[in-house]
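My entries follow in the order in which I made them.

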Amino acid sequence: KRQPMASKEIGEPLVGIITTAQWVYTLNTTGNREYTDAYKAKYGVNLVLLVACHAWYVDIYDAVKRTGGDTSSKVLAAALDATKLDTVCSHVEFANRGAIAPFHIVRIGPMPNLEPEVLKTVWTRIDFKDGEPIVTIVK
């Protein structure tokens, strides 16, 4: 199996590393298997990064669609506050413009695949005060 270039070059030193991620290709979430299988079929490697960005765009697109295309700040903010959406990353909710989303604690598996194993999922809420993020563990 082919690996992304950085993983292939670094190799064995990655095995056993514990880190956090908002998404890994091994998650059992709505649509994730189909999404990652399609990527692997097209490019020959597992998708490693960038899905969290895609999922946030899905959230925003969903909110704009529910406003009928109105992107004024008050209308869009209200639509985001009402968002409860399943994405390939997770179930995502916004409340008072704070996002509730998971961080997964993962261990990098053995060569040659370096498959990430989710050890624990910690749900966080991100709020903003005076422009600064405040992160709280909610479950």
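I began at one residue pair: F128 stands opposite P133 in β6. The model is a predicted one, in which local features need pLDDT of at least 70, side-chain atom pairs count only at pLDDT 80 or more, and totals for chains, interfaces and linings use all residues. Residues are numbered from 1 along each chain as its sequence is written, and side-chain values use heavy atoms, with hydrogens and water left out.

I then looked up the pairing of the strands (DSSP E runs of at least two residues, numbered from the N terminus). Strand β5 (residues 116-129) pairs with β6 in the antiparallel sense over six bridges; pairing requires that DSSP finds at least two bridges between two strands. The two form a hairpin with two residues between them. In the turn, D130 has a positive phi of about 55°.

Next I checked burial (under 20% relative accessible area, 1.4 Å probe, protein chains only). Of the six residues of β6 (residues 132-137), the number buried is zero, so the strand lies largely in the open. In helix α4 (residues 73-81), I found L76, A77, A79 and L80 buried. These residues line one face of α4, because they fall within an arc of 160° seen down its axis; the arc is that of the directions from the helix axis to the C-beta atoms.

Last, I noted the whole chain. The protein has four helices (DSSP H or I runs of at least four residues) and six strands. Their order from the N terminus is α-β-α-α-α-β-β-β-β-β. Of its 139 residues, 35% count as buried.

Notes: Buried < 20%, exposed > 50% of the residue type's maximum accessible area, 1.4 Å probe, protein only.
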